[in-house]
Amino acid sequence: NLEYKIGDDVTEVLEIIKYEMPLPTNLNGEVTGDFSSVVIKTDEERLQNLNYSDLVNQKYTVTEKLDGSSCTFYYHNEHFGVCSRNLELADSENNSLWQIARKYGLESKLSDYGDSIAIQGEIIGLGIQKNIYKLNEVNFKV
């Protein structure tokens, strides 16, 4: 009968390893399955999480971490897929990832390129995270 108050750290008590925030409504959608097994998931480490010794004598690329939502668009075996960070999503008019796919004609562009191709990036803007960029619409950055 332990008592906790708002703000107490209960990570160990609840045996939480990693918390993933629920997707905002405009990112939710009908799930068709897990993230595609034919695409490598991006998982770049942040500089803040590394020790200096991790960087010595190593090649690395400096990029900007955007405050958005990870997404993958792929074409494989005549199938076009749209994935959030961990899931493949069914086509939906209200889903921001599918809106981006349509806005940029990604299905056509990827299928024209050939089989087994993916493009990964981040969507940012209106309704995504805190929209620190103050955008009036959703944008796709690669």
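## Loop residues with positive phi

Glu-78 sits in the loop that links E2 to strand E3 (79-83); helices (H or I, at least four residues) and strands (E, at least two) are DSSP runs, numbered from the N terminus. This is a predicted model, in which local features need pLDDT of at least 70 and side-chain atom pairs count only at pLDDT 80 or more, while totals for chains, interfaces and linings use all residues. Residues are numbered from 1 along each chain as its sequence is written, and side-chain values use heavy atoms, with hydrogens and water left out.

Although Glu-78 is not a glycine, its phi is positive, at about 60 degrees. Most residues other than glycine have a negative phi. Glu-78 has a relative accessible area of 72% and is therefore exposed (buried means under 20% relative accessible area, exposed over 50%, partly exposed in between, with a 1.4 Å probe and protein chains only).

Ser-116 is also not a glycine and has a positive phi, near 60 degrees. Ser-116 lies in the loop between helix H3 (106-113) and E5. With a relative accessible area of 47%, Ser-116 is partly exposed.

## Strand pairing

Strand E5 (residues 117-125) pairs with strand E2 (residues 69-76) in the antiparallel sense, over seven bridges; two strands pair if DSSP finds at least two bridges between them. Within this pairing, Cys-71 has Gly-121 in E5 as its bridge partner.

E5 is also joined to strand E6 (residues 138-141), by four bridges, and these two strands run antiparallel. Here Gly-125 stands opposite Val-138 in E6. In a regular strand the side chains alternate between the two faces of the sheet.

## Cysteines

How many disulfides does the structure hold? There are zero disulfides, a disulfide being a pair of cysteine sulfur atoms within 2.5 Å. For Cys-71, the closest cysteine sulfur is that of Cys-83, at 9.7 Å, which is too far for a bond.

Cys-71 counts as buried because its relative accessibility is 0%. Cys-83 is likewise buried, at 0% relative accessibility.

## A nonpolar surface patch

Leu-2, Tyr-4, Val-13, Leu-14 and Ile-16 form a nonpolar patch on the surface, and together they have about 520 Å² of accessible area. Accessible areas come from the Shrake-Rupley method with a 1.4 Å probe; for residues, only the protein chains shown count as cover. Patches are made of residues with over 30% relative accessible area and no salt bridge, with like charges joined within 9 Å and nonpolar side chains (Val, Leu, Ile, Met, Phe, Trp, Tyr) within 5 Å. A salt bridge is a side-chain nitrogen of Lys or Arg within 4 Å of a carboxyl oxygen of Asp or Glu.

Val-13, one of the patch residues, belongs to the segment before strand E1 (31-34).
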